Amino acid sequence: MPIMRSFLSGIQALFHKEQRSHDMDEELQAFQEASMQEKIRQGMSDRQARRAARVEMGSTEAVKHKVRASGWESTAESIWQDIRFSLRTMAKSPGFTAVAILSLALGIGGNTAIFTLIHQVLLRDLPVQDPQQLVTFGNSEGGGVLGGVDLGSYSMFPWYFARQLQANPGPFQGIASYFSFSPKVSVRLSSAGKATANNTAIFVPANLVSGNYFSIIGAQPLLGRAITPADDATPGSGAVVVLSYHFWQQTLSADPAVIGKTITINHTPFAVIGVMPEAFHGIKLDLEPTELWTPITMQTVIQQGPSLLTPQNGAYFLHLFARLRPEAATNKTALAQSQAWLDQQIRTGIRANEGTPISPARQQEINRATVPLVSAANGVSSIRSQYGDSLRILMAVVGLVLLIACANLANFLLARAASRQREIATRLALGSSRARIIRQCLIETLLLALSGGLLGLGIAFATTRALIVFFSQGNPYIAMSSTPDLTVLLFTLTVSLATGLLFGLAPALTAARTGSATTLSSNARTAQSSGGRTSRFWPKTLVTAQVTLSLLLLVGAGLFLRTLRNLQNQDYGFERNHLLLASFNAQLAGYKPSQTPALYQTLLEHISALPGVHSAALSATPPISNSAWNSTIELSGYTPAPKENMSSILNRVSGQYFETANIPIIAGRSITPADSASSLKVAVINQAIANHFFPKGDALGRALTINIDDVKGPWRIVGIARDTKARGLRDAEPTRMTYIPLAQIDLFVPASTTSSATSSAKSGSNPTAAPPVENQDRFAGTILVRTTGDPAKTIADLRAAVAATDPNLALFNIATIHDQVATFMTRDELISSLTAIFSLLALILASIGLYGVMSYNVVRRTNEIGIRIALGSQLGSVLWMILKESLFLLVIGIAIGIPATLAAGRVIQSQLFGLKATDPQTIVTAILTISAVTLIAAWLPAHRATKVNPVVALRYE
Amino acid sequence: MTGKSSDLIQGTLDMLILKTLALEPMHGYGVALRIEQISNGVFRVNPGSLFPALSRLERASRIKAEWRATENNRRAKYYLLTEQGRKALKEETLQWSRQLAAITSILEA
């Protein structure tokens, strides 16, 4: 209450200042009058009494000031005065103010933008209950269906094992599982759903989750209910689906009565049981967020493949995560116990899968098997693993830029404080306190910093939007937002204030240290210019720091730009200019494996007939791709060492694949349209396989067997193709590739395979299935079109040709090979272009700073220079005198910068390609650049110094 | 003329003003005069200390002010003790006498 009253009366005092002053006058007048009367009463004469009373009172203004100063509002008022004064000072030098605010805005904006992304990608907790209790088993980053691996390698687990742990979670609160990737499914809204029967299918990512997934992750649905263990009880049952908020909004127009309705996923009806809240995207945060969740028991429908849900053995396709007991989340010993329990389960599981007897060496290997518990408080994110390091580096880069901007402003303000010494000395002489002067200086810098911060928020918003577009790589919807939230706003405010203090404190202290006596004397300017070393220490240090930081940034930018160029200029092994790629899925359009040969033939005929098309082909995956089909292989005439890596990437291709992708055949022949279902099964391998397994060059004619039952072979090797960058651009070792003809893949999955094959890839097929199962591996996923001109111009024609073949056949991800390759360099492009932009900015800021400091020095020393010239100094030596100073700073800056660069280089080495962080060429270029800029910035004022007219200079004061 | 108002122990001025006003409402000079008279001229309160103190006490709602006519028909600002002020005076007096007793016993020890 008293605080409130004090506040109110303070406000009143502020607004009725006139009235208050008047009242005070009257009261003091009355006081004086009364005092006089009293003195007369005591026997003084009128005049004496009046004089005595006046003396007693002293200055009425002083009394009034004291009364006013007793309330808080006077402090507020004087701060307000300082603010207005600062605004006037800023308005008086609009050039300086504009440069200051702009450079701060760029610095703070850059920091805010990168922080917004870091916050979203690296720091934000999952929107679930107690996220810090969540752990994944292994890093859970990859995805796919594996065979022939140990439990938990690549953090992949088979279904039976997941079930086992779900039923007996040991020291955990619970263990849940989910499909390691989210395949795209075709969704049709049931005609009952809407009045306008919307029959076009849409394709969204769907994830399979265990019945306890939602309860373990700790997320409540917004509407309806989540999936429960009852839904996930028996394979083939449980056709229920939980929707994401985004899907519910976009596709179902946020229909409040959606629960209980039916939607069709991959031609199977599913009952909608729940809608998740907006922020929830599951534990795995993919670039394209999961839109639907269904029970794992619906795997065959969602994945459109053979059942992977086998009671023993089976393929490895699930990721596991668990919720720790509260004590294990905080206590290391309890966590270690949970880890030990898990490793025990893993080892027991591996032993059970092993044929007996187990060799002692293998036994030891099993005893070392471990699956680390990884904290999943922020979820599992491919964006994080892909961009995390880049974002950290960029955060350091923008931090350096902000430091340079700070150094610049500190320098300007120091110079200004020096030129304002007279003003400050006058104020001190008139009775202003030093605290008040420091406060005023700080208010000025904080005003600059906060205006810069405000403008920076705008810049950050625009930058973040652009960066998110970059991240999304053409995906229409990703779970990132450029709107700053409270954390980001707080961050910006903190950075602005810290910046203000950083560049404002030194000038403010210097200003307050001004001695009033010397400064006001007439020869102050001379005293200043000769007051030498200490007064010029700070500006010099700051310029040196700027040179060092700029050098650091320039080297960084150079390294990243050259990395990008190295990535772009390497030998890819395939056509990189005239190739158009498109994904399609005939399975989702309702085709059976038996119908594929006819479809593919028509499709290729239609596409090949298009104008400007050189040739067309189909394959499982593009020549360069993130996802791959791989397996271990066996080669006749080669006996692998125990545990030797026999894996190879596989691709199934149509007749003109090598011609279309322009992959040269080194030896033998390529796969041609003549390799049909009725002819001998053939395969083409690449140099990597041929050179590794048959170094004598006798690979042709050998038989190759693939450890996947559907495409087992044997295949006769008829050709050797050139190595290609099939899996990425940074691989040091060439990727092993095996190509087989799409047309020669058997129509039916082999009826039964004994489960005695232990360490080989396991087929997912049911061993005792009576009717023959059609082979899903007959489907191709990619159309390749080689054009004579710009491939982008063929996109419309390609769509038309596919639609003419079958209007239900949807094309997604149409991309030129150029774009496809670019997706492997987004990280490098992002980091190199941003570092380049920021280092350019830093260079400009640093040169402005150097120029400013040197100009100021020359102006300050005009007098001295005039005397030197008058005494017969040569112009050359004057020029050298000024230049010498900057060169000295440059040399020191570089001398500090080189070791700093080498140290920083070690941190970014992993991000580089084709060069070392100590690359001399880059470092020399950077040094030359910074030297050139420094020399230009220093030469201009030095040149001006030689133009000093000694007569004018000596009369200057 | 030896004891000056500057010798007033920090914080006691407020208490003295409250005590003065507890007897009857008074204007500023009246307060100063009364303190001086009662202390036999030991404490002289000058306007530079008196008015800020009055303003502070008014802010804290321990006293309130109103314009009244003086005995010789001039307008003056009279200060009145509020209920809160009365309580504060009681407390401060109590505390003061406790401190005084303590100090005295130390000095006489």
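Because the model is predicted, local features need pLDDT of at least 70 and side-chain atom pairs count only at pLDDT 80 or more, while totals for chains, interfaces and linings use all residues. Residues are numbered from 1 along each chain as its sequence is written, and chains are lettered from A and ligands numbered from 1 in the order in which they are written.

**Where the chains meet**

- Let's begin at the interface: 21 residues of chain A and 17 residues of chain B are in contact (two residues are in contact if their C-beta atoms, placed from the backbone, lie within 7 Å).
- On the chain B side, α2 (28-38), α3 (47-59) and β3 (75-81) each supply at least two residues; helices (H or I, at least four residues) and strands (E, at least two) are DSSP runs, numbered from the N terminus.
- The largest share of that side, seven residues, comes from α3(B).
- By residue class, the chain B side holds seven nonpolar, six polar and four charged residues. Here Ala, Val, Leu, Ile, Met, Phe, Trp, Tyr, Cys and Pro count as nonpolar, Asp, Glu, Lys and Arg as charged, and the others, Gly among them, as polar.

**Chain B as a fold**

- Chain B has four helices and three strands, and along the sequence they follow the pattern α-β-α-α-β-β-α.
- Of its 109 residues, 28% count as buried (20 or more other C-beta atoms within 10 Å of a residue's own make it buried, 12 or fewer exposed, and anything in between partly exposed, with C-beta atoms placed from the backbone).
- Among contacts in chain B with a separation of 6 or more, 53% join residues 24 or more positions apart.
- The three strands form an open antiparallel sheet in the order β1-β3-β2, with β1 (26-27) and β2 (63-69) as edge strands that each pair on one side only. Two strands pair if DSSP finds at least two bridges between them.
- Seven bridges link β2(B) and β3(B) in the antiparallel sense, and B:Trp67 has B:Lys77 in β3(B) as its bridge partner.
- Helix α3(B) has 13 residues and reaches 18 Å from its first C-alpha to its last, close to the 18 Å expected at 1.5 Å a residue; the expected span is 1.5 Å times one less than the number of residues.
- Buried residues of α3(B) include B:Leu50, B:Phe51, B:Leu54 and B:Leu57. After the helix comes B:Ser61, whose phi is positive, near 60 degrees.

**Helix α2 of chain A**

- The 25 residues of α2(A) (residues 17-41) should span 36 Å at 1.5 Å a residue, and the end C-alpha atoms are 36 Å apart, which agrees.
- Its buried residues are A:Glu27, A:Leu28, A:Phe31, A:Ala34, A:Ser35 and A:Met36.
- What covers them includes α3 (46-57) and α4 (60-69) of chain A, together with α2, α3 and β3 of chain B.
- The helix is followed by A:Gly43, whose phi is positive, near 110 degrees.

**Domains and cores**

- Chain A is divided into domain 1 (22-70), domain 2 (131-377), domain 3 (384-569 + 826-954) and domain 4 (586-750 + 773-809), with bounds from an automatic or database domain assignment.
- The C-alpha centres of domains 3 and 4 of chain A lie 56 Å apart.
- The largest nonpolar core has 99 residues, and those with the most contacts inside it are A:Val401, A:Ile404, A:Leu553 and A:Ala842. Such a core is a set of buried Ala, Val, Leu, Ile, Met, Phe, Trp, Tyr and Cys residues joined through C-beta atoms within 7 Å.
- Helix α14(A) (residues 382-419) gives this core its largest share, 20 residues.
- A second, separate core of 75 residues includes A:Ile217, A:Phe247, A:Phe317 and A:Ala479.

**Covered strands in chain A**

- Strand β11(A) (residues 292-295) is covered on both faces: A:Leu292 and A:Thr294 on one side and A:Trp293 and A:Pro295 on the other are all buried.
- Strand β5(A) (residues 202-209) runs parallel to β11(A) over four bridges, and A:Asn207 stands opposite A:Trp293.
- Strand β7(A) (residues 240-243) runs antiparallel to β11(A) over two bridges, and A:Val242 also stands opposite A:Trp293.
- Both faces of β7(A) are covered as well, and four bridges pair it with β9(A) (residues 268-275) in the parallel sense.
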